Amino acid sequence: MVEFSGLRDWQEIRSRLTQIAGLNTLEVNSMSARAAAVTFDFAGSLDSLQAALGQNGFALDERNGTLVLRSQ
C-alpha cells in the first residue's frame, strides 16, 4: 500500500519508485483518494528493499499485516 496526499503527490511517488534500481514491474491494483495498492518485483531481500527505499526518501513500515510505503 502506498499512502499519498493527493494526485500530484501520487504522480511524484510513482515516478520516483520507477527510478529505484532493482524495483521492477510496478503495477497499480487499486486506488483511492489517499492510497494505492501496488505490487512490484524487487531483486533482493526485504532489508535491501527498505534500504533502497530509504535512500530515495521513502519509509516502508508494516501496519496490520500490510506493508505501507510513504514519502519521508
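**Fold and aromatic pair of the protein chain**

Trp10 is buried, its relative accessible area being 3%. This value, like the others reported here, was computed from a predicted model. Phe4 also counts as buried, because its relative accessibility of 7% falls under the 20% cut-off. One aromatic pair was counted in the structure. Phe4 and Trp10 form this pair, with ring centres 5.4 Å apart and ring planes at 40°.

The protein chain contains 2 helices and 5 strands. Starting at the N terminus, these elements follow the order β-α-β-β-α-β-β. Of the contacts between residues at least 6 apart in sequence, 40% join residues at least 24 apart.

The radius of gyration of the protein chain is 11 Å, which agrees with the value near 11 Å for a compact globule of 72 residues. Along the principal axes, the C-alpha atoms occupy a box of roughly 30 × 25 × 20 Å. Buried residues make up 29% of the 72 residues in the protein chain.

The accessible surface of the protein chain amounts to about 4600 Å², and carbon and sulfur atoms contribute 45% of this area. With regard to charge, the protein chain carries 6 positive and 8 negative side chains. The centres of these two sets are separated by 10 Å.

Notes. Residues numbered from 1 in each chain as written. Predicted model: local features only at pLDDT ≥ 70, side-chain atom pairs only at ≥ 80, totals over all residues. Heavy atoms only, no water. Helix = DSSP H or I, 4+ residues; strand = E, 2+ residues; numbered from the N terminus. Rg over C-alpha atoms; globule rule 2.2 N^0.38 Å. Buried < 20%, exposed > 50% of the residue type's maximum accessible area, 1.4 Å probe, protein only. Contact = heavy atoms within 4.5 Å. Areas by Shrake-Rupley, 256 points an atom, 1.4 Å probe, with all protein chains shown as cover. Lys, Arg positive; Asp, Glu negative; His and termini not counted. Charge placed at Lys NZ, Arg CZ, Asp CG, Glu CD. Phe/Tyr/Trp six-rings, centres within 6.5 Å; stacked < 30°, edge-to-face > 60°.
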